[in-house]
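Visitor: Hey, could you walk me through a structure? I'd like plain answers, please.

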Amino acid sequence: MAPSRGPLEEAMKAKLRQMQAARDLDLSQLQDQLAANVAKVQQHEEDLVATQARLQSSILEVAELRTSAFVSEEGLAELRATSEQQSSTLRTRLEQAYAAKAQLETELVEVQRSAETEAKASRVRLEEQKTCRAELAQAQSAANALHSRCSDFQEEALGS
């Protein structure tokens, strides 16, 4: 006849299941957040590369216009002003892209730190689970020993 589970054992098992579910949920949420931030960083890097390509294209266009065109001083002044304006605009965009990239990299580092913290917490919870399991095994062993002693007493009492 198997001994019935005690309320302590049931409570410990329930606590263990609760801790496992919390850990799994935390890890899932962090993985989703990390994936979203990595995608954001990649998008901003692609935007940065595209902006750099446009800037290079504009610089080459300006250089070609300067070398191939034979324009008057007035036309050259207009061309210079236009190119400087375009260059200024593209530099501003490039600086904004670099700032956005830096911000996303900072966010990524924060998310990675958060993931590391959660991983450490998860390891602590796993250790707690191991401790609970060990305590549960001890409680089960004690319950089995008590059950055995009770059986012995019953046999003794019936034999007397």
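Visitor: Is Asp47 buried, partly exposed or exposed?
Guide: Asp47 is partly exposed, because its relative accessible area is 35%. Here buried means under 20% relative accessible area, exposed means over 50%, and partly exposed is in between, using a 1.4 Å probe and protein chains only.

Visitor: Before we go on, where do these numbers come from?
Guide: This is a predicted model, in which local features need pLDDT of at least 70 and side-chain atom pairs count only at pLDDT 80 or more, while totals for chains, interfaces and linings use all residues. Residues are numbered from 1 along each chain as its sequence is written, and side-chain values use heavy atoms, with hydrogens and water left out.

Visitor: How far is Asp47 from Ala97?
Guide: Their C-alpha atoms are 7.3 Å apart in space, and the two residues are 50 residues apart in sequence.

Visitor: And how many helices and strands are there in the chain?
Guide: The chain has 2 helices and 0 strands. With a radius of gyration of 35 Å, well over the 15 Å that the globule rule gives for 160 residues, the chain is more spread out than a compact globule. That radius is taken over C-alpha atoms, and the globule rule is 2.2 Å times the number of residues to the power 0.38.

Visitor: What box do the C-alpha atoms fill?
Guide: Along the principal axes, the box is roughly 130 × 20 × 15 Å.

Visitor: Is Ser58 buried or exposed?
Guide: Ser58 counts as buried, because its relative accessibility is 17%. Ala14 is partly exposed at 35%, and Ala63 is partly exposed at 40%.

Visitor: How far is Ser58 from Ser151?
Guide: Ser58 and Ser151 are 93 Å apart, C-alpha to C-alpha, and 93 residues apart in sequence.

Visitor: New topic: what does Gln129 touch, leaving aside its neighbours within four places in sequence?
Guide: Gln129 is in contact with Leu16, Met19, Gln20 and Arg23, where contact means heavy atoms within 4.5 Å. Gln129 is found in helix H2, residues 73–159, and is buried with a relative accessible area of 1%.

Visitor: What about Arg125?
Guide: Arg125 lies in helix H2 and counts as buried at 16% relative accessibility. Beyond neighbours within four places in sequence, Arg125 is in contact with Met19, Arg23, Asp26 and Glu118.

Visitor: Of the contacts with a separation of 6 or more, what share joins residues 24 or more positions apart?
Guide: Residues 24 or more positions apart account for 90% of those contacts in the chain.

Visitor: What share of the 160 residues is buried?
Guide: Buried residues make up 18% of them.

Visitor: How many disulfides does a search of the whole structure find?
Guide: The search finds 0 disulfides, a disulfide being a pair of cysteine sulfur atoms within 2.5 Å. As for cysteines, Cys132 counts as buried at 18% relative accessibility, while Cys150 counts as partly exposed at 46%.

Visitor: Last one: how far apart are the mean positions of the positive and negative charges?
Guide: They are 4 Å apart, for 19 positive and 26 negative charges in the chain. Lys and Arg count as positive and Asp and Glu as negative, with His and the chain ends not counted. The place of a charge is NZ of Lys, CZ of Arg, CG of Asp or CD of Glu.

Terms used. Helices (H or I, at least four residues) and strands (E, at least two) are DSSP runs, numbered from the N terminus.
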